[in-house]
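I opened the notebook to keep track of what I look up in this structure. Each entry below covers one item, in the order I took them.

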Amino acid sequence: MPYPPSYIDRFIHFTQRLPIPYWLIYLFLFIIQSLIIYLIAWMDGSISSLTSPKILFLFPAWQWIPLLIVTFLNKTARSTLDSFSRLLGSNDHALDKLKYEFTTMPPRGVIISSIIWVAFYVIATYSFSYLYLELGFGALTRNIVIVEGLLCYAIGGVLYYHSLRQLWLVNRTVKTIKRYNLFDLDPVYSFSRLTAWTGISWVLMLTLNLLLFPFGTALELMLSITVIQAALALAAFILPLRSVNYRLVLEKRRLLAENQQRVEATLTRLHEQIDQNKLNEVEQLNSVISGLSAERDTLEKIPTLPWRTETLTGFLSATILPIILLIIQIIIEKWLSW
């Protein structure tokens with residue numbers, strides 16, 4: 001192992017070793033935390049004063065869903081590397097090392113990420129502290145929720161470090177391939193599943209924010225976050241695989257250039273046969289030209305994007321969804337306020 005697993009990875013590995021599905025464990029923990037905070041809000045009377053009680057589920061969602069996503073992305077990374085491995089030409093030991101890097105975060109990076117997110121949370125909580133009063137939080141619930149958010153950002157925020165690190169590893173890995181085969185694109189498309197799910201996971205967290213946070217109290221902030229998050233999700237899907245697209249375009253141009261050279265050579269020979277009145281090979285040369293034309297048409301139809309059309313369509317649909325949701329909520333809130 002190039003480095004020991006982080007405390008997040010140790011917890012994830014622990015959940016995967018249990019005899020029940022990992023997603024069921026995270027669901028159970030989410031329900032328990034939500035019930036506790038809901039009970040506290042009921043005890044100090046916040047339930048009746050909150051403008052939107054569903055906001056109590058926001059931090060539990062951000063506590064456990066990111067860990068669920070990290071676990072899922074790790075499983076996707078393993079299957080992706082299995083599909084891509086025949087292009088790598090690596091031995092089993094090298095492939096196992098690569099899988100470890102994709103699915104295990106360095107402890108130092110996780111700690112730094114947690115510190116950054118905690119600092120961001122402290123600044124945001126101080127800057128928008130008035131929202132707790134506007135939303136109707138009681139004193140006890142407010143204090144518990146602030147601590148809850150601190151833990152949530154320290155743990156759940158690691159999703160972005162994990163995702164960015166995996167995307168960097170994707171970019172590094174695809175650049176090690178010297179030449180891509182246009183007639184064997186299945187392994188080429190492998191990493192697009194991982195980058196697509198990464199972007200979709202970011203959009204999922206954004207959608208949870210839109211569903212659980214009464215953003216009418218901070219409309220400009222939520223609108224800005226929505227636009228930025230959607231743009232980042234699109235970048236996560238596209239940017240790590242740009243080099244693959246570039247290499248596929250170069251390979252396609254190379255094959256088309258070779259095809260044109262063969263067409264030119266065949267036409268030159270055909271002209272020589274005609275000029276010398278040697279027509280015995282003309283029919284064969286015409287067949288060669290037809291075959292080369294068919295080859296050119298086949299090459300031109302081969303896509304050079306590093307993902308399947310259905311992958312792109314599904315990703316765009318998932319990315320546009322929260323923006324549509326935001327617009328619909330704004331329209332409804334404006335309509336109800338008239």
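**Entry 1: a pocket**

I began with the second largest pocket and found that it holds about 160 Å³ of space. The model is a predicted one, and I kept that in mind for every entry. I then listed the residues that line the second largest pocket: Gln-33, Ile-36, Ile-37, Ile-40, Gln-63, Trp-64, Ile-144, Glu-148, Leu-151 and Ile-155. Which elements give two or more residues to this lining? I noted α2, α4 and α8.

**Entry 2: helix α1**

I looked up which residues of helix α1, residues 7-17, are buried, and wrote down Ile-8, Asp-9, Ile-12 and Thr-15. Looking down the axis of α1, I saw that its buried residues fall within an arc of 120 degrees, so they line one face of the helix. Next I asked what covers the buried residues of α1. The cover includes α2 (22-43), α4 (58-88), α5 (92-103), α6 (107-127), α8 (139-156) and α9 (158-174).

I placed Leu-67 in helix α4. Is Leu-67 buried or exposed? Its relative accessible area is 2%, and buried means under 20%, so Leu-67 is buried. Leaving out residues up to four places away in sequence, I found Leu-67 touching Ile-8, Phe-11, Ile-12, Tyr-26 and Ile-155. Of these, Ile-8 and Ile-12 were already in my notes as buried residues of α1, and Ile-155 as a residue lining the second largest pocket. I also looked up Leu-67 with Gly-156: they are 89 residues apart in sequence, and their C-alpha atoms are 6.8 Å apart in space.

Ser-34 is in helix α2. I noted that Ser-34 is buried, with a relative accessible area of 4%. Not counting residues up to four places away in sequence, Ser-34 touches Phe-57 and Pro-60.

**Entry 3: aromatic pairs**

How many aromatic pairs are there? I recorded a count of 20. One of them is Tyr-160 with Trp-202, a tilted pair with 5.5 Å from centre to centre and 40 degrees between the planes. This pair links distant parts of the chain, with Tyr-160 in helix α9 and Trp-202 in helix α10 (residues 190-212), 42 residues apart. I found both Tyr-160 and Trp-202 buried.

I then turned to Phe-237 and Phe-315. Phe-237 and Phe-315 are both buried.

I also noted a cluster in which ring pairs link Phe-59, Trp-62, Trp-117, Phe-120, Tyr-121, Tyr-153, Tyr-160 and Trp-202.

**Entry 4: Ser-163**

I found Ser-163 in helix α9. Ser-163 is buried, with a relative accessible area of 0%. Apart from residues up to four places away in sequence, Ser-163 touches Leu-73, Thr-198 and Trp-202. Trp-202 was in my notes already, as a partner of Tyr-160 in the tilted pair.

**Entry 5: the largest nonpolar core**

The largest nonpolar core has 67 residues. Which residues have the most contacts inside it? I wrote down Phe-102, Phe-137, Val-174, Tyr-180 and Phe-191. The largest share of this core comes from α4, with 13 residues.

I followed up Phe-191. Neighbours within four places in sequence aside, Phe-191 is in contact with Thr-80, Leu-81, Phe-84, Phe-102, Val-170, Thr-173, Val-174 and Leu-241.

Val-244 lies in helix α12 (residues 242-275). I noted Val-244 as buried, with a relative accessible area of 2%. Leaving aside neighbours within four places in sequence, I found Val-244 in contact with Val-174, Tyr-180, Val-188 and Pro-306. Val-244 and Lys-175 are 69 residues apart in sequence and 7.5 Å apart in space, C-alpha to C-alpha.

Asn-286 is partly exposed, with a relative accessible area of 37%. Asn-286 and Thr-319 are 33 residues apart along the chain, and 51 Å separates their C-alpha atoms.

Key
Residues are numbered from 1 along each chain as its sequence is written. This is a predicted model: local features need pLDDT of at least 70, side-chain atom pairs count only at pLDDT 80 or more; totals for chains, interfaces and linings use all residues. Side-chain values use heavy atoms; hydrogens and water are left out. Buried means under 20% relative accessible area, exposed over 50%, partly exposed in between (1.4 Å probe, protein chains only). Helices (H or I, at least four residues) and strands (E, at least two) are DSSP runs, numbered from the N terminus. The arc is that of the directions from the helix axis to the C-beta atoms. Contact means heavy atoms within 4.5 Å. Rings of Phe, Tyr and Trp (its six-membered ring) pair if their centres lie within 6.5 Å; planes under 30 degrees apart count as stacked, over 60 as edge-to-face and the rest as tilted. A nonpolar core is a set of buried Ala, Val, Leu, Ile, Met, Phe, Trp, Tyr and Cys residues joined through side-chain atoms within 4.5 Å. On a 1 Å grid over the protein atoms alone, a cavity is a set of points where a 1.4 Å probe fits but cannot get out, and a pocket is an open set with protein on both sides within 12 Å along at least five of seven lines; lining residues have an atom within 4 Å of a point. Grid points are joined across faces, edges and corners, and a volume is the space filled by probe spheres set on the points.
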